[in-house]
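This note is meant for a colleague opening the entry for the first time. Please read the points below alongside the sequence and the three-dimensional view.

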Amino acid sequence: MISILKTASENKYDLIVSNPPFYINSLESPKEKKSLAKHSEVNFFEELAKDVSLYLADKGSCWLVLPLDTASLVSDLIRQNGMYLQRKINIHSYPHSAAHRIVLCFGFNEVLPEISKLTIYNEVGVYSDEYKNLLKPYFLAF
């Protein structure tokens with residue numbers, strides 16, 4: 001992997017946001033582009049954690065969208081690179097369903113992490129008010 005961050009190696013960033021490939025060592029799609037976008041190896045996340053620790057400003061934050069099983073691995077790698085979990089948002093499809101994605105926020109300051117929940121739907125086909133309010137500035141349907 002060639003890091004975009006490495007192209008400007010002297011820079012430090014206040015904010016790094018990534019929706020990296022989700023799946024590690026799982027069945028890949030027969031479509032090459034889809035596999036490239038959604039699948040990765042563990043070393044991708046090792047390099048991502050290292051790069052974030054090098055290029056994140058002292059008071060900066062890094063936000064990642066991950067599936068549950070990958071979030072645990074990435075959290076460990078981030079800690080190994082001197083950063084701490086600051087926020088965790090559990091993403092649920094429905095109010096009583098299990099989380100299917102996690103948004104993690106890391107930085108260099110060790111704080112008690114803020115943990116919250118975002119529910120996408122109240123019921124099938126009915127978006128939650130929380131979700132609509134969050135996306136209203138970006139999604140014309142809301």
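1. A disulfide is taken here as a pair of cysteine sulfur atoms within 2.5 Å. The sulfur atoms of C62 and C105 are 7.7 Å apart, each being the closest cysteine sulfur to the other, so they are too far from one another for a bond.

2. Some conventions come next. This is a predicted model, in which local features need pLDDT of at least 70 and side-chain atom pairs count only at pLDDT 80 or more, while totals for chains, interfaces and linings use all residues. Residues are numbered from 1 along each chain as its sequence is written, and side-chain values use heavy atoms, with hydrogens and water left out.

3. Helices (H or I, at least four residues) and strands (E, at least two) are DSSP runs, numbered from the N terminus. On that basis the chain has four helices and nine strands, and from the N terminus on its elements follow the order β-β-α-β-α-β-α-β-β-β-β-β-α.

4. A residue is called buried under 20% relative accessible area, exposed over 50%, and partly exposed in between, with a 1.4 Å probe and protein chains only. Of the 142 residues in the chain, 36% are buried. Both cysteines discussed above fall in this class, C62 with a relative accessibility of 1% and C105 with 3%.

5. Contact means heavy atoms within 4.5 Å. Among contacts in the chain with a separation of 6 or more, 64% are between residues 24 or more positions apart.

6. Which residues touch the most other members of the largest nonpolar core? A nonpolar core is a set of buried Ala, Val, Leu, Ile, Met, Phe, Trp, Tyr and Cys residues joined through side-chain atoms within 4.5 Å. The largest one has 18 residues, and F45, V52, L64 and L66 are those that touch the most other members. At least two residues of this core come from each of α2 (42–55), β4 (56–66), α3 (68–80) and β6 (99–107), and α2 supplies the largest share, five residues. Apart from this core lies another, of six residues, including I89, L118, I120 and Y131. As general background, nonpolar side chains in soluble globular proteins tend to be buried together.

7. Pockets are found on a 1 Å grid over the protein atoms alone: a pocket is an open set of points where a 1.4 Å probe fits, with protein on both sides within 12 Å along at least five of seven lines, and lining residues have an atom within 4 Å of a point. Grid points are joined across faces, edges and corners, and a volume is the space filled by probe spheres set on the points. The largest pocket holds about 270 Å³ of space. It is lined by 15 residues, of which I91, V103, L118, Y131 and L134 are the closest to its centre. Two or more lining residues come from each of β5 (84–92), β6, β7 and α4 (129–135), with α4 giving the most, four residues.

8. The lining of the largest pocket then divides into ten nonpolar, two polar and three charged residues.

9. Individual positions also deserve a look. T119, in strand β7 (residues 114–119), is buried at 11% relative accessible area; leaving out residues up to four places away in sequence, T119 touches H92, S93, Y94, P95, S128, E130 and Y131. A99 belongs to strand β6 and is buried at 17%; with the sequence neighbours up to four places away again left out, A99 touches L68, N90, I91 and H92.

10. Beyond its neighbours within four places in sequence, R87 is in contact with W63, V103, L104, C105, E114 and S116.

11. Finally, Y55 in helix α2 is buried, with a relative accessible area of 8%. The C-alpha atoms of Y55 and Y13 are 6.1 Å apart, although 42 residues separate them along the chain.

Key. Nonpolar A, V, L, I, M, F, W, Y, C, P; charged D, E, K, R; others polar.
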